[in-house]
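This report describes the strand layout, the ligand site and some local backbone features of one model. The sequence and structure come before the description.

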Amino acid sequence: MKIRRHSEGYNFFGDTGTGCTLRWGNDLKEDPSMAPWPELADISISNYCTKGCDFCYRNSTRDGSIMSLTDYKSVLNHLKSERWGTIFQVALGGGEPLEHPDFIEIIKTTCEYGIVPNFTTNGIHLTQELCAEIKPYVGAVAVSISTVRDIDEKINYLIEEGIKTNLHFILSEESLDEAILLLEGKYNKYLEGINGLIFLTYKPQGRGEASRCLINDEKLIRFMALVEEDHCLARIGFDACFVPMLLRYTDTNVDYVDSCECGYFSIYIDEKMNVKPCSFTNDERFVFNLREYTFEEIWNNKLRDYRAYLSSITCSLKCDKKSNCRGACIYYKELQLCR
Ligand SMILES: C[S@@+](CC[C@H](N)C(=O)[O-])C[C@H]1O[C@@H](n2cnc3c(N)ncnc32)[C@H](O)[C@@H]1O
């Protein structure tokens, strides 16, 4: 299915078959500042997880709550606009999505709404049967790892089914040495068939202790230098929190870089139906519940203060990439590494 959306200064095209999306402004060279309706929703379908990773920013446990299928459908209804249609894709997270009792029903329902379901998983429940079952429905799957030792054979079940498989590598002070080896190509044998290796900036939230946050030191600068050397078998990518560092310390083509899109092109919704610009939002002023407001009201009106607040923050750095950067994370000073 092809999805098109056009308004003043904003154009979007998405192909649900290939996952390919294009976005442009008044002309192809211009980047729009925001979307009239989000393109992507990051939805936590539970905060239930049995793995107990000691870095989990959501502090997910066996006691974590679960979004019911009825609530999930209600969220998808909220995300359907009379004027703009529905969103293009969801990124399902949690908790552990594969431990949600209605996971299969959730991805099928998402497709029925014309939305591409993607999800992230710790990978422990991947089986050949499961991957064959989800193949007709899912867009891409990301398997989270905090060390190369987490790259499990189970990931091959996804690859063998032809499912676009990404690795989400948590980049912390602890994992930086391995990240350097990954970029040097030393672990290429583990990356065969992987669509993309995405480095996620470690966040000091939930069980994620601040002591493991990245530090802007020589080792990180060495990592940054390797980003441009391209010895890694997989395509590499970064989360939006790392973009200010990429812009400041590398010559990455700005056309390949999307600064933080939260609250501008994407949105986060948790299992209790709280809507926030992103999953790391720790400022209660920018959290609104779908039982109280419609999504349309939240996107168009309630998030105005958040966007105004963001545009009031000026970066004092002398940096020639300023016009391409939305600035460093506003929630955690530990993530303001470029400063
Ligand atoms: C909370 S997990 C939930 C989904 C699923 N259980 C998983 O492991 O992918 C969502 C994403 O957050 C990442 N994550 C967890 N703790 C983090 C932290 N302290 N900093 C940055 N990313 C983190 C995980 O690697 C995963 O990609």
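Ten strands form an open sheet with mixed pairing, in the order 10-9-8-7-6-5-4-11-12-13. Strands here are DSSP runs of E with at least two residues, helices are runs of H or I with at least four residues, and both are numbered from the N terminus. Two strands count as paired if DSSP finds at least two bridges between them. Strand 10 (235-238) and strand 13 (288-289) are at the edges with a single partner strand each, so one side of each has no neighbour in the sheet. The model is predicted: local features need pLDDT of at least 70, side-chain atom pairs count only at pLDDT 80 or more, and totals for chains, interfaces and linings use all residues. Residues are numbered from 1 along each chain as its sequence is written, and side-chain values use heavy atoms, with hydrogens and water left out.

Within this sheet, strand 4 (residues 40-44) and strand 11 (residues 266-269) run parallel and are joined by four bridges. Ile-43 stands opposite Ile-269 in strand 11. Helix 5 (residues 176-183) lies across strand 8 (164-171), strand 9 (196-201) and strand 10, and runs at about 140° to strand 8. Such angles run from 0 to 180 degrees between N-to-C directions of axes fitted to C-alpha atoms, for helices over the stretch in contact.

## The ligand site

The ligand has 16 residues around it, of which Phe-55, Gly-95, Glu-96, Ser-144 and Lys-203 come nearest; a residue is near a molecule if one of its heavy atoms lies within 4 Å of it. By class, this shell has six nonpolar, eight polar and two charged residues. In that scheme Ala, Val, Leu, Ile, Met, Phe, Trp, Tyr, Cys and Pro are nonpolar, Asp, Glu, Lys and Arg are charged, and the others, Gly among them, are polar. Strand 6 (116-121), strand 8 and strand 9 each supply at least two residues of the shell.

A polar backbone atom of Phe-55 is 2.8 Å from a nitrogen atom of the ligand. An oxygen atom of the ligand lies 3.3 Å from a polar side-chain atom of Thr-120, and a backbone N or O atom of Asn-122 lies 3.5 Å from an oxygen atom of the ligand. The protein covers 92% of the 540 Å² of accessible area that the ligand has on its own, by the Shrake-Rupley method with a 1.4 Å probe.

An open, antiparallel sheet of three strands has the order 1-2-3. Strand 1 (2-7) and strand 3 (21-24) are its edges, each with a single partner strand, so one side of each is left without a neighbour in the sheet. On average, neighbouring strands of this sheet are turned by 5° against each other, direction ignored.

Six bridges pair strand 1 with strand 2 (residues 10-15) in the antiparallel sense. Arg-4 stands opposite Phe-13 in strand 2.

## Local features

Asn-274 lies in strand 12 (residues 274-276). Leaving aside neighbours within four places in sequence, Asn-274 is in contact (heavy atoms within 4.5 Å) with Tyr-268, Ile-269, Val-287, Phe-288 and Asn-289.

Most residues other than glycine have a negative phi, and most peptide bonds are trans. The peptide bond from Gly-94 to Gly-95 is cis, with omega near 25°. Gly-95 is in the loop between strand 5 (89-93) and helix 2 (103-112). Asp-230, not a glycine, has a positive phi of about 60°; Asp-230 lies in the loop between helix 6 (218-227) and strand 10.

How values were computed
A polar contact is a pair of N or O atoms within 3.5 Å; within protein, one must be able to donate a hydrogen and the other to accept it, and residues adjacent in sequence count only if both atoms are side-chain atoms.
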